[in-house]
Amino acid sequence: MTYDFTTTHKRFHTGSGKWNTLLQYGLTEDTDIIPFSVADMEFTTAPEIADALKHAIDSSVIGYAGPTANYLDSVCSWMKTRHNWDAKPEWILNTHGVVDAFFEAVKAFTNPGDGVMLLTPVYHPMYMAVNFTGRKLVESSLVSTGTRYEIDFADFERKASDPSVKLLILCSPHNPVGRVWTREELTRIGNICLKNHVLVVSDEIHADLVMPGHAHTVFASISEEFADNCLVLTAPSKTFNIAGLQTSNIFIPNDELRAKYLDELKLTNPMPTCGILGYVASEAAYTYCAQWLDECLKVIDENRRIIADFMADELPQVKVYDLEGTYLLWLDMNGLGIDYRELERINREEARLFFDEGYIFGKQGEGFERWNIACPKRYIHDALSRMKLSYTKHIR
Ligand SMILES: Cc1ncc(COP(=O)(O)O)c(C=O)c1O
């Protein structure tokens, strides 16, 4: 490995959302607890990104910013080389995050009372984008085959054909179940949405985090008709672990949709752009950090294998779902015979582990844990032995 994926960082009092949450739960910084929750990585920043940020701070002025031509080229080149998608710089609008972006999309393209579809269980802020804006939540539950989840297309089509349904927020790859939707699945989704005049908001923030043997397909790359009926939400934040810089790229190939979306963004900010350091770091990441990402994916895949092997040998009651994409492993703990609320307590108080509880992603997630495995291996090994020790006392 060229890069550092082993140094551990205690991030208490650094402003880290993930680590600060531990303090809110009454855990002190002396507690030997490992947070595997919020989706940022525990890896050291790629040196190319750190250097670009230092250079910008040392040599320029931290003023208001907008995307430069070089910045936009770096984003589009990444889409071409990594995803074989010919995206145009003029399709891009910037928001301070993908969550902001799908909230704005719901507001721009639907009215209160309209139906918004989600494939559930799903990333919890997507429910908020529907519920907080007074839209109607229309869920199509994913179906587990035991090792992975699939779309119930009959149910999906029935729900999409309700004329009140105007928009689908697609999570692609899917957080939390770790699916990378295949081209065929996306084509079926897209055709159903076209037929029923449902706009697709494709959240592809995890697009670059794909495991060996799987390939991400950009929704808009499938056909011109799909490109005309979608927004593609991307960011370098998950890929390169720079979420704190709040920079995302929203691709809207359809001119009318883009103009309407921009009008909505302007209601909160007449000049919607990101911060200068976000642009600097993102350009450096997309230009220089492909190798960092490849090594990072290797570490994530090794972590996945370590956990899957351990569970098979030592805790076979725990079912580990295939991880096709994202770094968020989905584990079914129901086989332990422990009530999910009690399991949450055991994890935090006895094992000293802090996962994202499956139930926050929807009712189907009860008894599941979402484990953020983008961290140095030491944390993984440590967690596994703590789980074995603690769960063995409670297994029924
Ligand atoms: C599917 C998905 N979308 C969006 C986000 C967050 O996006 P942002 O930080 O750009 O608002 C996450 C973070 O975990 C995510 O998993």
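Analyst: What follows describes the surroundings of the ligand and then some backbone features of the chain. This is a predicted model, in which local features need pLDDT of at least 70 and side-chain atom pairs count only at pLDDT 80 or more, while totals for chains, interfaces and linings use all residues. Residues are numbered from 1 along each chain as its sequence is written, and side-chain values use heavy atoms, with hydrogens and water left out.

The ligand sits in the largest pocket; a pocket here is an open set of points on a 1 Å grid over the protein atoms alone, where a 1.4 Å probe fits and protein lies on both sides within 12 Å along at least five of seven lines, and a molecule sits in a pocket if more than half of its atoms lie within 2 Å of its grid points. Around the ligand are A39, G97, V98, V99, Y123, C171, N175, D203, I205, H206 and K238, each having a heavy atom within 4 Å of it. By class this shell has six nonpolar, three polar and two charged residues, where Ala, Val, Leu, Ile, Met, Phe, Trp, Tyr, Cys and Pro count as nonpolar, Asp, Glu, Lys and Arg as charged, and the others, Gly among them, as polar.

Taken alone the ligand exposes 400 Å², of which the protein buries 88%, with accessible areas coming from the Shrake-Rupley method with a 1.4 Å probe.

P176 is in the loop between β7 (165–171) and α7 (183–195), where strands (E, at least two residues) and helices (H or I, at least four) are DSSP runs numbered from the N terminus. Another cis peptide bond joins T120 and P121, with omega about 5 degrees, and P121 lies in the loop between β3 (115–120) and α5 (124–131). Most peptide bonds are trans.

Terms used
1 Å grid on protein atoms, 1.4 Å probe; cavity = no way out; pocket = protein on both sides within 12 Å on 5 of 7 lines; lining within 4 Å.
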